[in-house]
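Student: I have a new structure to read. Can you take me through it, one feature at a time?

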Amino acid sequence: MSGYRILVVDDNHLIRRLLDLILEDAGYVPVDAESGEEALALAPEAAPDLCIIDEAMPGMRGSDLIRALRRSSDPRLARVPVIGISGRSGAARELLAAGATTFVSKPVDEDHILAAIDEALACAPQELGAGAPAA
């Protein structure tokens, strides 16, 4: 499981830092973006194996970012598993309708987010696991 790159997109620095600590402790490699626009610029080079995307951000909302990823000409980005996160009621429906794989409510619980990551990666197309070292 170790070595998977996870793009964490949230405008709140403290949320990104919390997720980074959880991910690093579990052996993942977090890559941070504080906006949807920054995430779109980073994604092709970062080649994430999974994304964690907040819905409520200034500028490009999380659901808009997910739609942009799903329309990408890069097949890895178009099919990358996405975990939507939000503390706002109704956000789950928006994120899932945009193409998120699953949804986790804020405040983020460590066990819940790690279980969602395991499940999303297990369901991902085989070629998306390129960030992980060979077994």
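Tutor: Start with I53, which lies in strand β3. Keep in mind that this model is predicted.

Student: Is I53 buried or exposed?

Tutor: Look at the relative accessible area. Under 20% counts as buried. I53 has 0%, so I53 is buried.

Student: Which residues does I53 touch, beyond those up to four places away in sequence?

Tutor: The list is V9, G62, L65, I66, L69, V82, I83, G84 and I85. Take V9 from that list. V9 is the bridge partner of I53.

Student: Which way do the strands β1 and β3 pair?

Tutor: They pair in the parallel sense, over four bridges. Strand β3 covers residues 50-54. Strand β1 covers residues 5-9.

Student: What about D54?

Tutor: D54 is also found in strand β3. Its relative accessible area is 3%, so D54 is buried.

Student: How do the side chains of neighbours along a strand point?

Tutor: In a regular strand they alternate between the two faces of the sheet. For D54, look at the contacts. Leaving aside neighbours within four places in sequence, D54 is in contact with V9, D10, D11, G62, I85, S86 and K106.

Student: Which side chain makes a polar contact with the side chain of D54?

Tutor: The side chain of K106 does, at 3.2 Å.

Student: Back to β1. How many of its five residues are buried?

Tutor: Four of them are, and the strand is mostly covered.

Student: Which strand do five bridges join to β1?

Tutor: Strand β2, residues 29-33, and the two run parallel. Follow the pairs. L7 has V31 as its bridge partner in β2. V8 stands opposite D32 in β2.

Student: What do β1, β2 and helix α1 make together?

Tutor: They make a right-handed β-α-β unit. Helix α1 spans residues 13-25.

Student: Where does G3 lie?

Tutor: G3 lies in the segment before β1. G3 has a relative accessible area of 18%, so G3 falls under the 20% cut-off and is buried.

Student: How far apart are G3 and V29, in sequence and in space?

Tutor: They are 26 residues apart in sequence, but 5.9 Å apart in space, C-alpha to C-alpha. Now try I53 and V29. They are 24 residues apart along the chain, and their C-alpha atoms are separated by 16 Å.

Student: Now the helices. How is a packed pair described?

Tutor: Two packed helices are described by the angle between their axes and the distance between the axes. Take α3, residues 62-70, and α5, residues 91-98. Their axes come within 8 Å and cross at roughly 10 degrees. That makes α3 roughly parallel to α5.

Student: Which residues of α3 and α5 meet?

Tutor: In α3 they are G62, S63, I66, R67 and R70. In α5 they are E94, L95 and A98.

Student: Why look for residues three or four places apart in a helix?

Tutor: An α-helix has 3.6 residues a turn, so such residues point the same way.

Student: Which residues of α3 are buried?

Tutor: G62, S63, L65, I66, A68 and L69 are buried.

Student: What covers the buried residues of α3?

Tutor: The cover includes β1, α2 (36-46), β3, α4 (75-79), β4 (82-86) and α5. That brings us back to I53 in β3, which touches G62, L65, I66 and L69, among others.

Terms used: Residues are numbered from 1 along each chain as its sequence is written. This is a predicted model: local features need pLDDT of at least 70, side-chain atom pairs count only at pLDDT 80 or more; totals for chains, interfaces and linings use all residues. Side-chain values use heavy atoms; hydrogens and water are left out. Buried means under 20% relative accessible area, exposed over 50%, partly exposed in between (1.4 Å probe, protein chains only). Two strands pair if DSSP finds at least two bridges between them. A crossover is right-handed if, with the strands pointing away from the viewer, the path from the first strand over the helix to the second runs clockwise. Contact means heavy atoms within 4.5 Å. A polar contact is a pair of N or O atoms within 3.5 Å; within protein, one must be able to donate a hydrogen and the other to accept it, and residues adjacent in sequence count only if both atoms are side-chain atoms. Axes are lines fitted to C-alpha atoms, for helices over the stretch in contact, and angles run from 0 to 180 degrees between N-to-C directions. Angles under 35 degrees count as roughly parallel, over 145 as roughly antiparallel, 65 to 115 as roughly perpendicular and the rest as oblique.
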